[in-house]
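Welcome! Let's take a friendly walk through one protein model, starting with a helix and its neighbours and ending with a couple of single residues.

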Amino acid sequence: MIPLKDDLPTERTPVLTYAIVAANVLAFVWQLQVGLDVSAFRGGAIPFEILKLQDIEYRDIVPPPFTILTSMFLHGGFVHLGFNMLTLWIFGNNVEDALGKVRFLVFYLLGGVAATTAQTVVTLYVGSEAAAEVPNLGASGAISAVLGAYLVLLPNASVVTVFFFFIFFFRELPAWLFLGAWFLLQLWAGGFSLVEPEAGGGIAFFAHLGGFLFGALAVRFFVKQRPLQPAY
């Protein structure tokens, strides 16, 4: 289930959304230069490092607690980067339109912090010792906050979605259905990953959940104006 586009225009050019996408791409260029594995340990949020305030192996580009911020601009590969940026591109512009540029940037960063903090806490207190030394990275936590905000602000927007069940097919889904199904999937997969950690595939499900809940609950404090609504 992959979103392709929504049906809503914006009143203003989403400059911050474009800038965040560009920042993630530039960060990925740096990752390719130093190596994906090395960059993950240097800029990713490693729960053990954050708890102990010390580096495990590679020297971090910032003190360990601040990797909560740097980690949200790093990715594990081209697919990881591409899917996250596509999702931000689709949903970020309308949320930025409602919040305004400065508020959107603050909201996005706080959403990423909330997401990574949630994943770090779960890993430290519920996960294994080995998991606590694995870097968490990716923009998906912050983007999950954008998704939570979108659900609250624009539940009736239509999202063109591609499904794969032996063949590819396309459907328009209301945002509340698409995002609700996405949240339930994260909840189910996150719970299952606690029982079978290796089945999680290295995906930070609790970052997604934490970011989404932050976005849905906090967006009302950031809204500057009502976004454009569907015409039907």
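This is a predicted model: local features need pLDDT of at least 70, side-chain atom pairs count only at pLDDT 80 or more; totals for chains, interfaces and linings use all residues.

Helices here are DSSP runs of H or I with at least four residues, and they are numbered from the N terminus.

- H1 covers residues 15-34, which makes 20 residues.
- From its first C-alpha to its last, H1 reaches 29 Å, close to the 28 Å expected at 1.5 Å a residue.
- Which residues of H1 are buried? They are Leu-16, Thr-17, Ile-20, Val-21, Asn-24, Ala-27, Phe-28 and Gln-31.
- If you look down the axis of H1, these buried residues fall within an arc of 145°, so they line one face of the helix.
- The face turned away from that buried side carries the exposed residues Leu-26 and Gln-33.
- Just after H1 comes Gly-35, which takes a positive phi of about 105°.

**What packs against H1**

- The cover over the buried residues of H1 includes helix H2 (36-43), helix H5 (78-99) and helix H6 (101-125).
- How do H1 and H6 meet, and at what angle? They pack at an angle of about 40°, and their axes are 9 Å apart.
- Sorted by class, the contact of H1 with H6 has six nonpolar, two polar and one charged residues.

**Back to Leu-53**

- Most residues other than glycine have a negative phi.
- Leu-53 is not a glycine, yet it has a positive phi of about 60°.
- Is Leu-53 buried or exposed? Its relative accessibility is 56%, so Leu-53 counts as exposed, because the cut-off for exposed is over 50%.

**A look at Leu-177**

- Leu-177 has its place in helix H8 (residues 175-195).
- With a relative accessibility of 36%, Leu-177 counts as partly exposed.
- Leu-177 and Pro-155 are 22 residues apart along the chain, and their C-alpha atoms are separated by 8.3 Å.

Note on methods:
Residues are numbered from 1 along each chain as its sequence is written. Side-chain values use heavy atoms; hydrogens and water are left out. Helices (H or I, at least four residues) and strands (E, at least two) are DSSP runs, numbered from the N terminus. The expected span of a helix is 1.5 Å times one less than its number of residues. Buried means under 20% relative accessible area, exposed over 50%, partly exposed in between (1.4 Å probe, protein chains only). The arc is that of the directions from the helix axis to the C-beta atoms. Contact means heavy atoms within 4.5 Å. Axes are lines fitted to C-alpha atoms, for helices over the stretch in contact, and angles run from 0 to 180 degrees between N-to-C directions. Ala, Val, Leu, Ile, Met, Phe, Trp, Tyr, Cys and Pro count as nonpolar, Asp, Glu, Lys and Arg as charged, and the others, Gly among them, as polar.
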